[in-house]
Structure formats: C-alpha cells, structure tokens
Amino acid sequence: MTKVKRVAVQGEVGSNSDMAVQQMLPGAQLVPCESFAAAFDAVHARRADLALIPVENSSAGRVADPHHLLPDAGLHIIGEHFLPIHFDLVAPPGASIETITTVRSHVHAFGQCTRLLRTHPWKRHISADTAGAAREVAELGDPTIAALAPSGIARIYGLETLQEKVEDTSTNATRFVLLSPSEQITPNRPAITTLLFRVRNVPAALYKCLGGFATNSVNITKLESYQLGGSFMASQFYVDIDGHIEDHNVQLAIEELRFFVTYLDIMGCYPAHPYRKQVHCE
C-alpha cells in the first residue's frame, strides 16, 4: 500500500495552499504551518514528507519570504503546480458592503485585489493567510470586518459572500513548488530546471553567465537576484530554465556557466506543469 504523503504548507485548511495540495497530490495529508520557515522545518523534522510553497503570482509578482528562504532551505524542487486564484469578499451574517470598515487577508491577496480596494476606503489588516482571515472574521462576528478569502470558504465558517471573484484579473494564478529532502530528477519532458549560482567578481560576470543559455538556445523563464550577507557587493541568482538537465544544450549552457561562477547548485529538474503550455497558446 502506498503511504499517504504528508505535505506541509503555510496556511490553514481551506487556504489556496490547501487547494493546491488537493489538486497536485489528491489524498495527501495536510500539515498546516504558521510560516514558510515552519513548513520547511516540518520537512526537516520529518513531521511532513514534502512542502508545497507559493513562489510567484501572475498579478502580484514573487512571494518574497519563500524566495529568501529557498536558497538555504536544504530542500530539492521536485515539482510545480499552477493554481488559478479567485477571492471572495466574505463577512458575518448581516454585514453588507456599506457596513464594512476593515478588511483582513494575507498581504499578497491585497496585491491581487487592488481594483476593489481602490474603490473603498477600508482599513487593511494583514493576516497570516487567507483562510485564517476568514476564520478570524467568523470568530469576531463584527459586521464592520470582512475578509478577502478563497472562493467557497464562506460556507466553512458560516460567513456570507458579499462579492465573488474580486481579484483584478480572471487569469490570476499562483505558482507553487513542491519541495523534498531528497533529489528526484524527473525522466519526463518537458521539464523545468532550477539553478542557484553566485557570480565571480569580474566585469560583466552576469552577462557572461547568461550568455551560455542564449548561445545554446536555452530559454530562461525566471531570474531572481539575492544579496548575500547583508552586503550590496555580493549576489547570487535563482534561475528557472526550459529544459531537462540531461538535454545536450542544457549541459553545454551549464558547462559554460561554471566558468563564471563561484558556486552552483542544481535545485531541481522536474516536470513542467501543463499550465505553461496553456499560457503560451493563449
């Protein structure tokens, strides 16, 4: 019998992370955590087998905390999942748009619902996650306090939906990465390979690092920089590329990259989610 996977997430039952787990790993046991660091710790402490972490959103951009934690997490990326994100404005029974003075949610949800928030002078209260914001609103029972929460969550907490799908765009989606303590290189194509590297302190070092990808026709889909040790003088870079680590052109690009870096970590080579193809076709 296959063991049920325990998956750590930042957030509560009913959160977008919970929905991503249900879609990616049906039947998995959710391990809710208060923070991203706690989710990583749960894997290291073997309270969870895997962690599923959001890293970027199509409307609000990168999710900052995971990006800063990933380089030192000691975990391997073994998969990705794209989740369409929809938010409802929910409040206690008897509340209305007119009674609301404060709205609660995760900081990233505010960045995905700016059109609604611009039209109302509501105070914003940052919660640990979107599902937690709905729970807090239900516990408070105050008709002046609402939450931006995942669609459908109102019924879980006995709340009323004042407005549905208040996100800025209908194509709003969040990308999650699946993290494991052990490396698992996918045999499948198409694949995404994630690299972390530090450049040598020479002129045009980053330009030279990226040149090998261009000359070998390797598409870079994501590039992020990080400052090291509180200094503006040292940087490391996180890169996602289209391609499998065993593809000849990818190997040539990485071979060229090694000439210009002081450190290189292949964080994962995993199946490309079908959403990528869908986006390219639209």
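Select Phe197 first: its bridge partner in strand β15 is Leu264. Strands, like helices, are DSSP runs numbered from the N terminus (E, at least two residues, for strands; H or I, at least four, for helices). This is a predicted model, in which local features need pLDDT of at least 70, side-chain atom pairs count only at pLDDT 80 or more, and totals for chains, interfaces and linings use all residues. Residues are numbered from 1 along each chain as its sequence is written, and side-chain values use heavy atoms, with hydrogens and water left out.

**Stop 1**

Select β12 (residues 191-199) and β15. Nine bridges join them, and the two run antiparallel. Two strands count as paired if DSSP finds at least two bridges between them.

The four strands form an open sheet in the order β13-β14-β12-β15, with antiparallel pairing. Which strands stand at the edges? They are β13 (220-227) and β15 (261-271); each has a single partner strand, so one side of each is left without a neighbour in the sheet. On average, neighbouring strands of this sheet are turned by 15° against each other, direction ignored.

Next, select helix α8 (residues 205-215). It packs on the sheet and touches β12, β13, β14 (235-242) and β15. Its direction makes about 155° with that of β12. Contact means heavy atoms within 4.5 Å. Axes are lines fitted to C-alpha atoms, for helices over the stretch in contact, and angles run from 0 to 180 degrees between N-to-C directions.

**Stop 2**

Select residues 50-57. This is β3, and seven of its eight residues are buried. Buried means under 20% relative accessible area, exposed over 50%, and partly exposed in between (1.4 Å probe, protein chains only).

Go through the partners of β3 in turn:

- β1 (residues 6-10) runs parallel to β3, joined by two bridges. Here Val7 stands opposite Leu50.
- β11 (residues 173-180) pairs with β3 in the antiparallel sense over six bridges. Look for Ile53 opposite Val177.
- β4 (residues 61-62) is antiparallel to β3, with two bridges. Glu56 stands opposite Arg62, and a hairpin of three residues joins β3 to β4.

**Stop 3: strand β7**

Select residues 102-105, which form β7. Both faces are covered: Thr102 and Arg104 are buried on one side, Val103 and Ser105 on the other. Four bridges join β7 to β8 (residues 123-126), and these strands run parallel. Ser105 has Ile126 as its bridge partner in β8. β7 also runs parallel to β9, over three bridges, with Val103 opposite Ala146.

**Stop 4**

Now select Leu52, Trp122 and Leu148: with Val103, they have the most contacts inside the largest nonpolar core, which has 27 residues. Strand β6 (residues 87-91) gives the most to this core, with three residues. A nonpolar core is a set of buried Ala, Val, Leu, Ile, Met, Phe, Trp, Tyr and Cys residues joined through side-chain atoms within 4.5 Å.

**Stop 5: helix α6**

Select residues 130-140. In this helix, α6, the buried residues are Thr130, Ala131, Gly132, Ala133, Ala134, Glu136 and Val137. They pack against several elements, including α1 (16-24), β6, β7 and β9 (145-150).

Check both ends. At the start of α6, a side-chain oxygen of Asp129 reaches to within 3.0 Å of the backbone nitrogen of Ala131. After α6 comes Gly141, whose phi is positive, near 60°.

Then pick Glu136. Is its place buried or exposed? Glu136 is buried, with a relative accessible area of 17%. Its side chain makes a polar contact of 2.8 Å with that of Ser127. A polar contact is a pair of N or O atoms within 3.5 Å; within protein, one must be able to donate a hydrogen and the other to accept it, and residues adjacent in sequence count only if both atoms are side-chain atoms. Neighbours within four places in sequence aside, Glu136 is in contact with Arg104 and Ser127.

**Last stop: the whole chain**

Zoom out. The protein has 10 helices and 15 strands. Its C-alpha trace spans about 65 × 50 × 40 Å along the principal axes. Buried residues make up 49% of the 282 residues.
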